[in-house]
Amino acid sequence: MAKYIASIDQGTTSSRCMLFNHRGEVVSVHQLEHTQIYPRPGWVEHDPLEIWDRTQTVIRTALNKADATARDIAAIGVTNQRETTLVWNRKTGKPYFNALVWQDTRTDKLIAELGKQEGQDRFRDRVGLPLATYFSGPKLRWMLDNVSGLQDAVAAGDAIFGNIDTWVIWNLTGGPRGGAHVTDVTNASRTMLMNLATCNWDDDMLAALDIPRRMLPEIRPSSEPAFYGYSTPDGPFGGRIPVCGDLGDQQAATVGQACLTAGQAKNTYGTGCFMLMNTGTDPVPSNNGLLTTVCYKFGAAPTVYALEGSIAIAGALVQWLRDNLRLIDSSADIEPLARTVDDNGGVYFVPAFSGLYAPYWRSDARGVIAGLTRYVHRGHIARAALEATAFQTREVLDAMHQDSGVTLTTLNVDGGMVFNEMLMQFQADVLGVPVVRPTVAETTALGAAYAAGLAVGFWNNENDIRANWGQDRIWRPSENDTARTELYAQWKKAVTRTFDWVDS
């Protein structure tokens, strides 16, 4: 009898495979980073073949660590960095170009042109999203316009599009030998091509961006009892296993946090920072810079929606200090360095490397460090970098409260940065509410496992998911309100210094 669910978590900086038991506990994990490619300022790419190679390696290694074979795996779930866009040949499996990462800003001129007459919210009532470089549809349009030979390949029926979930599932289920060309509703909702109400590709959006429908994957539920397909015996799992769970990473984390009731919310601290609030079966429009998106769809049950606040740079700022400035040797060094000072020394770091996402959506913004004096040293810079994540989260939470009318009494958190004790305490201080870390902090992979497990009856229903959730640590806000008053006011001032940096 199968004992585990396998979850493939293909993220912005790394790929990993995790095996979970029925209690939602981690049995095995292996993770590998992949190359970040920066051809020009603002451009970010990944090599899809490298990603698939690393994905196969982490699957095999995770199985070996658990002494598991395909017979031990009941189902496979996939979660992925959303919006990252690639096109490949359905007959050969060869990409036509590197994947354009969600952070990439090369579509800025196209976005400006699309919004010239009707503004940034031209398509929001249809797709729930503002016009921004963030999303997949404009990235696909850029590829069609700029990759030599691609339009001919589309006309011949050879070129197909997908986000990373589609790429991984296609390869898992056979690739050029009949691999399933599918995506789920959560990933489709981030393309600007899916109608939010119908959860189908929207003809008007395809026409506006001039995207050929024949390139697009089939949209399926996030948990699919009919399965997307089976892993191949000669693939990394070494056997036929149902592939039946698919969620964009932030929606997966929402499921993994058991935020399955309207009004519940979580915040994930990863490469970026993403807060999602479950709004139930009705999409809630935003008037405060948030995204209306699909949260999940389990089988034939109604689609569940969410409000999302997306922050482009969180953990990526720590990596930037490590890799670009050589300020630290490893990401774990950031907290000890930040603890060498008692405060930020008046320094505020606004990491608008790819513009500002929620709640501003300013593609003309670029990063600034404000408040520098001769007094400041690298400890202050490290502390300001951590505080930037907490301040950005506060901005999103304020917008979410205004849109939803729901006042959160606690914030559930997950992701790699939640093990930074200093950041979590400062987050509670800035928000003025307790911050709660679950027993399994890497809830992205867990959410994808839940989606797959529900499809095959490994878990019976959502109550099984709720029963698995457990609290590991709670941080309560300080009685001193300086962080949420004076320091936050200074942060808001620093944000305005990033505006209008890039000339149109």
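Let's start with asparagine 267: in strand β19, its bridge partner is valine 413. Keep in mind that you are looking at a predicted model. Strand β13 (residues 265-269) and β19 (residues 411-414) pair in the parallel sense, over three bridges. On β14, asparagine 267 stands opposite methionine 275. That pairing has another sense: β13 and β14 (residues 273-280) run antiparallel, with five bridges joining them.

Is β13 mostly covered or mostly open? Five of its five residues are buried, so it counts as mostly covered. In a regular strand, side chains alternate between the two faces of the sheet. Here both faces are covered, with Ala265, Asn267 and Tyr269 buried on one side and Lys266 and Thr268 buried on the other.

Now follow Tyr269. Tyr134 and Tyr269 have the most contacts inside the largest nonpolar core, which has 109 residues. Helix α12 (residues 378-404) gives the most to this core, with 12 residues. Among the residues that tyrosine 269 touches are Thr389, Thr393, Val413, Leu423 and Gln427. That last one, glutamine 427, lies in helix α13 (residues 421-431). Why does glutamine 427 count as buried? Its relative accessibility is 0%, and the cut-off for buried is under 20%. Besides Tyr269, glutamine 427 touches Thr389, Ala390, Thr393 and Val435, leaving aside residues up to four places away in sequence.

Time to move to another part of the model. Six strands make an open, mixed sheet, in the order β3-β2-β1-β5-β12-β11. β3 (26-33) and β11 (229-230) stand at the edges with a single partner strand each, so one side of each has no neighbour in the sheet. Strands of a sheet pair through backbone hydrogen bonds, either parallel or antiparallel. Take β2 (residues 14-20) and β3: they run antiparallel and are joined by seven bridges. In one of these pairs, arginine 16 has glutamine 31 of β3 as its bridge partner.

Helices pack on this sheet too. Helix α1 (residues 48-65) touches β1 (4-10), β2, β3 and β5 (73-80), and its direction makes about 150° with that of β3. Helix α6 (residues 164-172) touches β1, β5, β11 and β12 (242-248), with its direction at about 150° to that of β5.

Let's check the length of α1. At the start of α1, a side-chain oxygen of aspartate 47 comes to within 3.0 Å of the backbone nitrogen of leucine 49. Just after the helix, aspartate 67 takes a positive phi of about 55°. An α-helix has 3.6 residues a turn, so residues three or four places apart point the same way. The buried residues of α1 include Ile51, Thr55, Val58 and Ala62.

Finally, look at β12. Seven of its seven residues are buried, so the rest of the structure largely encloses this strand. β5 and β12 run parallel, joined by five bridges, and isoleucine 76 has valine 243 of β12 as its bridge partner. β11 and β12 run antiparallel, with two bridges between them. There, tyrosine 230 is partnered with proline 242 of β12.

Terms used. Residues numbered from 1 in each chain as written. Predicted model: local features only at pLDDT ≥ 70, side-chain atom pairs only at ≥ 80, totals over all residues. Heavy atoms only, no water. Pairing = 2+ DSSP bridges. Helix = DSSP H or I, 4+ residues; strand = E, 2+ residues; numbered from the N terminus. Contact = heavy atoms within 4.5 Å. Axes fitted to C-alpha atoms, helices over the stretch in contact; angles between N-to-C directions. Buried < 20%, exposed > 50% of the residue type's maximum accessible area, 1.4 Å probe, protein only. Polar contact = N/O pair within 3.5 Å; in protein donor to acceptor, adjacent residues only side chain to side chain. Core = buried A, V, L, I, M, F, W, Y, C linked by side-chain atoms within 4.5 Å.
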